[in-house]
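Please open the structure in your viewer and keep the sequence beside it. The stops below say what to select next and what is to be found there.

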Amino acid sequence: MPKIHAATVADHRSRQCAALLDAARELLAEGDASRVTFAEVARRTGLARNSVYKYFPDRHHLLTAVVREAAPRWTDRIRAALAAAGDAPEDRVAAYVTVQLDMVREGEHSIARAVTDEQEAAALRAGADAAHRALLEPLAEALRELGDDDPAMTARLLQGFVNAATTALEAGGDPEAVTGRAVRLAVAALGGLAPDARTA
């Protein structure tokens with residue numbers, strides 16, 4: 001029986017599960033989801049391969065759990081950036097774009113894109129759907145303050161600037177130039193939501 005290095009069995013299992021998720025996330029951040037095998041995850045955590053099955057029945061569940069575990073961290077960081085930006089919707093939108101592209105540069109986005117086949121892509125999408133909705137909510141709140149009559153739709157459209165900028169960064173674009181342009185475009189797009197623009 002393995003040694004338990006925690007106050008309770010439940011604490012031990014929680015720590016082991018967290019270690020497995022950390023190992024899988026590191027492998028994804030290295031850019032090759034095919035390396036996220038139970039054997040490699042077990043090796044990195046010092047567990048026997050069969051022990052991984054006590055926490056995840058298969059790779060699909062492991063990959064989905066990685067994305068779901070990361071989502072609150074991403075959302076908290078975005079909310080903190082928007083809170084620090086102040087009350088002006090334009091400043092909050094600029095912060096929203098900037099913080100996401102900062103995370104892309106740090107490798108967080110690789111968790112969601114490092115897939116090599118349809119099964120893995122489906123697993124990551126299953127976990128990412130809720131994450132994406134949560135990420136858009138802080139932006140939608142800023143848009144409501146601007147008087148937008150459909151903030152959820154506008155948030156999805158503005159996210160398009162972030163997605164395009166992400167592609168540019170991954171293609172080797174200059175981070176400051178790409179981020180600056182994406183911010184300017186997103187903020188400029190808010191002009192189309194002004195009451196006089198909607199009724200013109």
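**Before you start**

This is a predicted model, in which local features need pLDDT of at least 70 and side-chain atom pairs count only at pLDDT 80 or more, while totals for chains, interfaces and linings use all residues. Residues are numbered from 1 along each chain as its sequence is written, and side-chain values use heavy atoms, with hydrogens and water left out.

**The whole chain**

Of the 200 residues in the protein chain, 40% are buried, where buried means under 20% relative accessible area, exposed means over 50%, and partly exposed lies in between (1.4 Å probe, protein chains only).

**Helix α1**

Select residues 9–29, which make up helix α1: its 21 residues reach 30 Å from the first C-alpha to the last, close to the 30 Å expected at 1.5 Å a residue, the expected span being 1.5 Å times one less than the number of residues.

Which residues touch the most other members of the largest nonpolar core? Select I78, Y96, V97, L101, L139, L143 and L158, which do so among its 29 residues; a nonpolar core is a set of buried Ala, Val, Leu, Ile, Met, Phe, Trp, Tyr and Cys residues joined through side-chain atoms within 4.5 Å. Helices α4 (59–85), α5 (89–106), α7 (118–146), α8 (151–170) and α9 (175–189) each supply at least two residues of this core, and the largest share, 9 residues, comes from α5. Centre the view on L101, which touches V162, A165, T166, L169, T179 and A182, not counting residues up to four places away in sequence; contact means heavy atoms within 4.5 Å. Apart from this core lies another, of 19 residues, among them A24, L47, F56 and A65.

**The aromatic pair**

Next select F38 and Y53, which form an edge-to-face aromatic pair, 4.7 Å centre to centre with 65° between the planes. Rings of Phe, Tyr and Trp (its six-membered ring) pair if their centres lie within 6.5 Å, and planes under 30 degrees apart count as stacked, over 60 as edge-to-face and the rest as tilted. F38 lies in helix α2 (residues 38–45) and Y53 in the loop between α3 (49–52) and α4, so the pair ties together parts that are 15 residues apart in sequence. F38 counts as buried because its relative accessibility is 4%, whereas Y53, at 40%, counts as partly exposed.

**Two last residues**

Move to R44 in helix α2, a partly exposed residue with a relative accessible area of 29%. Leaving aside neighbours within four places in sequence, R44 is in contact with A23, E26, L27, E30 and R35. Finish at G173, in the loop between α8 and α9, which is partly exposed at 25% relative accessible area and, apart from neighbours within four places in sequence, is in contact with A168 and V178.

Definitions and conventions:
Helices (H or I, at least four residues) and strands (E, at least two) are DSSP runs, numbered from the N terminus.
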